[in-house]
Amino acid sequence: MKKTIGTLLLVIFCSKLIAQQNLLSGKFTAPELKTVLIPQAQWTPFPKTSDRTGWAKADAAMMKAILEKANSYINYNWPSIPATKSLLIERTGDRNEYQSISYEKRNVLGTLLLAEVYENKGRFIDPIINGVWSICEESWWGVPAHLPQRKEYSGLMDVSAPFVDLFSAETGTFLAWVDYFVGDKLDAVSPQIRKRIYYETNYRIFQPLMTKAHGWMTKNANGRPPNNWNPWICSNWLNTVLLLEKDDVQRANAVAKILWVLDEFVNPYPKDGGCDEGPGYWGAAAASLYDNIAMLNLATNNAFNYVYKDEKIKNMARFIYRAQIGEKYFLNFADADPRPGMAANMIYRFGKDIRDTAMMRFGAFYRKPEEDGNAGRYHYFRTLFALFMQDEYRQAPQGLPLPANVWLPDIQVMIARDKEGSTDGLFVAAKGGHNDESHNHNDIGNYIVYYNGLPVLIDVGRGTYTRKTFSSRRYDIWYNCSDYHNVPTINGATQPPGARFKATNVTYKQDKSFAELSLDIAKSYPEKAGVNSWQRTIRLNRGRNVEVKDVIALTRADSIVQNLMTCYPAALVKPGELVIHYKLQDGTAKDFVIKYNPNQMGAAIEKIPLTAMEDKGILDKWGDNIYRIKFTVNKPTTNDKISFAIAPK
C-alpha cells in the first residue's frame, strides 16, 4: 500500500513538474485559445493602410528612407531562379548564388510594401503584384542547403512533398503582410492574387506543419534539443497563420501546435539562459522566442505577459549582454560570429518587457538611425515594431553592462573581465560542456583572451557555410576541429564529436581579485589518446594576467602539443617568451607576452592558409591573419604539469 501511495505521489509530482515546464502550451487548451485570440477579421496588430492617423505615428525618417529605397525598385526585374543555381549545392557545394537571388526578392518586396503603406498612392501596387506572383511561382521557398541530402533530391525540390525550412517560413511572413496591408488594393486588380497567396501558403506551410513531423520541432534521435530553427520558424508560422487563416478554429489549432513546438525548445533550455549556439545565433534563438511572445500578446490582448516573469526567460534574454566582450566583439564559441550584428530595437523591447534596465540600456547603445531604407530580409515584423517606438527609443539611456563575472553552469561557460562596466584590461572566457552542442565545434577546455576589448587569443569560429558544413564531412573543416582551438592534441589524438566527449569535475570560483574555471577534459578525448585525467584551470588574475595550468595523467606519453590560435603575427623573442604583436584600437602596436617553460616545451608558429571555399567567411571576419602557435613538449611523461601566463608587455 505504501509503495502504491509513493508511486502515486511520484506520478503527481512528475505531472506537476511537466505542467510547470510547459510554460507556453500549458496555459490554454486549443478551445480556450480560440476564445483568447482576437478573431482574424478583427485583428489589427499594426494600423491598416487606410488608417492614416495611425501611420502618422510611424517614424517619419525611417519611412522616408524606405520610400527612397523603394523608388529604386519600382522597375525591379523579378528574376526566376534557374534549376542550375539549386544544383550548385550538389555540384560545387555553393549555397550563396541561389540564396542571394531569393533573399533579394523578399527584401525588395518588403521594401515596396512599406513604401506603399507610407505613400498610399498605388504607385507600388503593380511591382508588389509582380513580386508576389514571382515568389509564388518559385518551386521552393527555402534554400538548397536545407534540402535533404538524399539521392531522390540531388539538389532540387520535390514539389509534391513540401516541408518547411527557415526561409520558406520567412516567405510566408512577407506574403502575409502583403495580404494584410494592401489586400484590398490587390482585390481591386484581381481576386486571384490574394487567393494565390493563401493557396501557396496553405500548401507549402500550413498543411505540412500541421500534418508532418519536422526534425526542428523537437529533440533529435540522439536527444539533442532543438536549436534556433524551432523558435525562428515558429515566429514566422505564427505571424503567417494569425494574419492569413480566416477559419478561427483552424487558426487556434495552429497556435496550439506552435505553443507545443515552442515548449519543446523552452523545456530543455538551460535554466541559466546560456545559448550554446553563441550570441550570433541568440538573435534567432531566445530572440525569436521573444518574437513569438510579442506576437502572441498582440493577438490576445496580452494574455501571454506572464511569460516575462519566468526566471529562465529572463536569463535567456540577458545572455546577449552577458556574453559581450567589448563594443564590437562577443563570445564566438561554436559557429557564432565574433562580431554579430545587434537587432537593437528588438533587444530594447525584450529588456523592457522583462523589466531589465541594463538590457534596455544595452539595446539603446546599439541604436542606429534606421534611415538606410532597409526593411529587413529576416524577422520582417521587427521592422514594424521598430517604426512605432523611435520617439521613446531615441531618448532612452544608453550603456553597456559589461559584468565582471558571469558563470553559466548549465552550459559550463565562464566569462570574466578586469573591471565591471569597462573593456579596459583583460577579458577571459572559457568553456566546458560537450561535443554535441548545437552548431558544435570540438572545443572542450577552450578559452579566449581579449585586451581592451580586442582579441589576443581567439576562437576562430565559423567560415562560409557550404554543403560540407552540416554533412558527415563537417569535421573535415579545420576550424571545427580541436587542434585549431586553444586545447591540446594528446598522443596525436584530437577531440571527436559526440555528447559522450565532455568535461567532468567542473568547478568555478571568483572573488574581487580573480575568476577561475577548472575542468577535467580527459573524457573529451578518445580512448586511444590514453588520458586518465587532464585537469585544466583557466584563471584571470585581475589587473595582472591570465594563467592556464594543466595537471595531467596519461597511460602513455608519446606526444603532447598545446595549440593556441591568434589573429596577430607572433614571434619568439627568447626561450620562454613568445610575443603576439597586438594592435590597440587606434592602430598602435602593443606586444602581448605568453610565458612558458622553455625547458619543457618548444614553440613554433604557423600562418593558416585560407584557400578553401569555407575559408571565405574567416577572411571576412578576421582577414588573412590566422596563426596557430604550437607548443610541443620535448620529453613527454605520463604525469606532468604544464602552464602558461598571458599578459600585456
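A: Let's start with E9 and E10, which pair in the antiparallel sense over five bridges. Strands pair here if DSSP finds at least two bridges between them, and the elements themselves are DSSP runs numbered from the N terminus, with helices (H or I) of at least four residues and strands (E) of at least two. Before going further: this is a predicted model, where local features need pLDDT of at least 70 and side-chain atom pairs count only at pLDDT 80 or more, while totals for chains, interfaces and linings use all residues. Residues are numbered from 1 along each chain as its sequence is written, and side-chain values use heavy atoms, with hydrogens and water left out.

E10 covers residues 514-520, and Glu 516 is part of it. Is Glu 516 buried or exposed? Its relative accessibility is 13%, so Glu 516 counts as buried; the cut-offs are under 20% relative accessible area for buried, over 50% for exposed and partly exposed in between, using a 1.4 Å probe and protein chains only. The Glu 516 side chain makes a polar contact with the side chain of Arg 539 at 2.8 Å. A polar contact means a pair of N or O atoms within 3.5 Å; within protein, one has to be able to donate a hydrogen and the other to accept it, and residues adjacent in sequence count only if both atoms are side-chain atoms. Leaving out residues up to four places away in sequence, Glu 516 touches Met 414, Thr 507, Tyr 508, Lys 509, Thr 537, Ile 538 and Arg 539, where contact means heavy atoms within 4.5 Å.

Zoom out one step and E9 and E10 turn up in an open, antiparallel sheet of eight strands, ordered E9-E10-E11-E12-E19-E16-E15-E14. E9 (504-510) and E14 (570-574) are the edge strands with a single partner each, so one side of each has no neighbour in the sheet. On average, neighbouring strands in this sheet are turned by 20° against each other, direction ignored; the axes are lines fitted to C-alpha atoms (for helices over the stretch in contact), and angles run from 0 to 180 degrees between N-to-C directions.

There's another open sheet, with five strands in the order E1-E2-E3-E5-E6 and antiparallel pairing. Its edges are E1 (405-408) and E6 (454-457), each with a single partner, so one side of each is left without a neighbour in the sheet. Neighbouring strands here are turned by 15° on average, direction ignored.

Strand E5 is worth a stop. Five of its five residues are buried, so E5 is largely enclosed by the rest of the structure. In a regular strand the side chains alternate between the two faces of the sheet. In E5, Tyr 447, Val 449 and Tyr 451 point one way, and Ile 448 and Tyr 450 the other. On one pairing, E3 (residues 426-431) joins E5 through five bridges, running antiparallel, with Leu 426 opposite Tyr 451. E5 (residues 447-451) also pairs antiparallel with E6, over three bridges; here Tyr 451 faces Leu 454 and Val 449 faces Leu 457. E5 and E6 make a hairpin with two residues between them, and Asn 452 in that turn has a positive phi of about 50°.

Finally, the whole protein. The secondary structure comes to 19 helices and 19 strands. Its radius of gyration is 26 Å, close to the 26 Å the globule rule gives for 649 residues, so the protein is as compact as a globular protein of that length; that radius is taken over C-alpha atoms, and the rule is 2.2 Å times the number of residues to the power 0.38. The C-alpha trace spans about 85 × 75 × 55 Å along its principal axes. Buried residues account for 59% of the 649. Of the contacts between residues at least 6 apart in sequence, 72% join residues at least 24 apart.
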